Amino acid sequence: MVNEEDFEQVLNRSEQVYPPKEFLKKVYQCLANFYRIAVGSNMLSSFDFEWNEFAKTYDLGILETFYALKVLEEEGFIGLSESFYAPSKIHFRVDPARLYEVQIAHAKLDPLIKLLLRTYGGNLFSEYIKIQEPKLAKSLQISEDQLIKSLQLLAQFEVMDYDQRKDKPQLTFLTPRYDAGKLPLNLKRIEQRRELTIYKAAKMVEYARQTRICRTQYIQEYFGEKTDNSCGICDWCKENMKAQDPEGTESKFQSRVIETLTESGELTLQQILEKLRVPATEKNLNFIRQLQDQGLITLHQNGKLSIHGHE
Ligand SMILES: [Zn+2]
């Protein structure tokens, strides 16, 4: 299940997707240096491109570099081949005990298996993990071709799934090389995309976090539609069906009222009931009155309610 930490990560990530312009220029300059390209030359030249290695060579942040390359591509300066986005993936199909038998039976594969376990850990048994063949080959001090053969062998033995990337990632310069300082980035467009990315991430997190109404209703509300029917199948609906005992319902309902007022500031009683999609029954009104009696919410002269202490 998602937790607060995941939400924070999504929000932080969204801020990084469009790195600052200085960093974009730096990455562009490093690319030119990497392939020794003079200003004004090499339009449409393609090169093998292992971006992890590239980032390491210039001591650039891995994730930040990945995002910068994407922006440079979006801006039309470079092209990145499909395998840039779809690296090889592996996954162990056997349990650790069976894997150990293979290690013993095929001593030649032992160093590779050990390296995989050391590098990617136990997740290899439960999910597909992205790998970088050049990096693994380097660690084992063998050629990339030899490494790929060993991986294919493990796949043949049905020990592992090896979802091999189609080809080596390629980077193509789509324009003659610019002077990095004068790289004509469309900063306005980049800023707009940056804001949109952050906005979407915030909305997604808001959707996951909210406990006021049913997920489906929340989406409909987001698109400006309204229905009084909850979907009955989302986690919120299931949670609310569980809360059949009166006390559970009461505290649940009351905490939803508090949450709604915290989000919205001031609301009339009618607005609260509408937002929560509940009828104005005596029971519901009593629950709200109790909150007022407990001093948790305040009724103002304008007839609106708010959290106590908030005007
Ligand atoms: Zn629902």
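Buried means under 20% relative accessible area, exposed means over 50%, and partly exposed lies in between (1.4 Å probe, protein chains only). This model is predicted: local features need pLDDT of at least 70, side-chain atom pairs count only at pLDDT 80 or more, and totals for chains, interfaces and linings use all residues. Residues are numbered from 1 along each chain as its sequence is written, and side-chain values use heavy atoms, with hydrogens and water left out.

**Accessibility**

| Residue | Relative accessible area | Class |
|---|---|---|
| Cys231 | 28% | partly exposed |
| Cys234 | 11% | buried |
| Leu267 | 7% | buried |

**The zinc site**

Cys214 (SG), Cys231 (SG), Cys234 (SG) and Cys237 (SG) coordinate the zinc ion at 2.3 to 2.4 Å. Donors are N, O and S atoms within 2.8 Å of the metal (3.2 Å for Na, K and Ca); water is not among the atoms, so sites may look incomplete. The four donor atoms subtend angles of 105 to 118°, so the arrangement is tetrahedral; four donors count as such if all angles lie between 85 and 135 degrees. The donor residues follow the spacing C-x16-C-x2-C-x2-C in sequence.

**Leu267**

Leu267 sits in strand E7 (residues 267–268). Strands (E) are DSSP runs of at least two residues, helices (H or I) of at least four, numbered from the N terminus. Leu267 touches Thr260, Leu261, Ile272, Lys275, Lys304 and Leu305, leaving aside residues up to four places away in sequence. Contact means heavy atoms within 4.5 Å. Glu82 lies 185 residues from Leu267 in sequence and 52 Å away in space, C-alpha to C-alpha.

Notes. Tetrahedral: all angles 85-135°; square planar, octahedral: opposite > 155°, others 65-115°.
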